[in-house]
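Me: Please take me through the pockets and the aromatic rings of this model, one question at a time.

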Amino acid sequence: MRIGTTTMVLEAALNSLIQPTSFVETLFDRIPEVVFFIKDAEGRYRMVNQTLVVRCGRRSKNDLLGRTAREVFPSPLGERFLEQDLRVVETAAPIHQNLELHLYPTRIEGWCLTDKEPLRNPDGRVIGLAGISRDLQAPGKSGEGYRELASVVEHIRAHFGRELRVEDLARIAGMSVYQLNRRLRAIFGITASQLITKTRIEHASERLRESSGLVAEIAQACGYCDQSAFSRVFRRTVGLTPLQYRERHHPEGKGSRVKG
């Protein structure tokens, strides 16, 4: 009975977030190259746009609502999408500009950029997620090069705490440094070096918000051997020092949370 009551509370909390934003669904219905969705904590679709309906070859939105990605997409895509959803809910860590395979209305695989954000209730508990997925190629067009770039992005996200050289990333992609930077600019608007910095600063920002660890420890975990170098890069990127950033998110913790 307690489990049922908890589920009902989470459902009510998610509904309170979804209902005032129903106009967003209507807006995204008018963007055919962008998938939009809201899911609950179990990864079930609670709101979708028409693009996703067409993408999945369904007749209506009701054919998707209440289902997980594993029930909608063929294997192994469905399993991977659901695993990603549950990880967002479990860790409360968003996913930004993830380069991944998707399905077009013709059921042909294509490449897209996906963002997923955790949804919280007023108490801060993650009760679901919202996401968008933007097409990078038109159906029937060649996706040459995207798989190689996805390998580079995945490598950066898996090893941002280590030394990363652009030359090594270019070798992973089977491209020259110039070709790699040109393709990354076309998709993300930044170079390989900037993508490394962006990934590190995003993870550092999350740790500054969510933990009370020493700035030096966070710097090292995010690939910076020198705390002063990390602080310079962080301030140049974010506009605040790491301590100022932490204090802005936790002003009540100046004495206990802020450690440098």
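The questions below turn to the pockets and then to the rings.

Reply: This is a predicted model, in which local features need pLDDT of at least 70 and side-chain atom pairs count only at pLDDT 80 or more, while totals for chains, interfaces and linings use all residues. Residues are numbered from 1 along each chain as its sequence is written, and side-chain values use heavy atoms, with hydrogens and water left out.

Me: How much space lies in the largest pocket?

Reply: On a 1 Å grid over the protein atoms alone, a pocket is an open set of points where a 1.4 Å probe fits, with protein on both sides within 12 Å along at least five of seven lines, and lining residues have an atom within 4 Å of a point. A volume is the space filled by probe spheres set on the points, which are joined across faces, edges and corners. For the largest pocket this space is about 850 Å³.

Me: Which residues are closest to the centre of the largest pocket?

Reply: The lining of this pocket has 27 residues. Those closest to its centre are Gln84, Arg87, Ile95, Asn98 and Arg157.

Me: What is the angle between the planes of Phe73 and Phe81?

Reply: Rings of Phe, Tyr and Trp (its six-membered ring) pair if their centres lie within 6.5 Å, and planes under 30 degrees apart count as stacked, over 60 as edge-to-face and the rest as tilted. Both Phe73 and Phe81 are buried, meaning under 20% relative accessible area with a 1.4 Å probe and protein chains only. Their pair is edge-to-face, with 5.1 Å centre to centre and an angle of 85°.

Me: Which residues form one aromatic cluster?

Reply: By the pairing rule the count comes to seven aromatic pairs. One aromatic cluster is formed by Tyr224, Phe230, Phe234 and Tyr245.

Note on methods:
Buried < 20%, exposed > 50% of the residue type's maximum accessible area, 1.4 Å probe, protein only.
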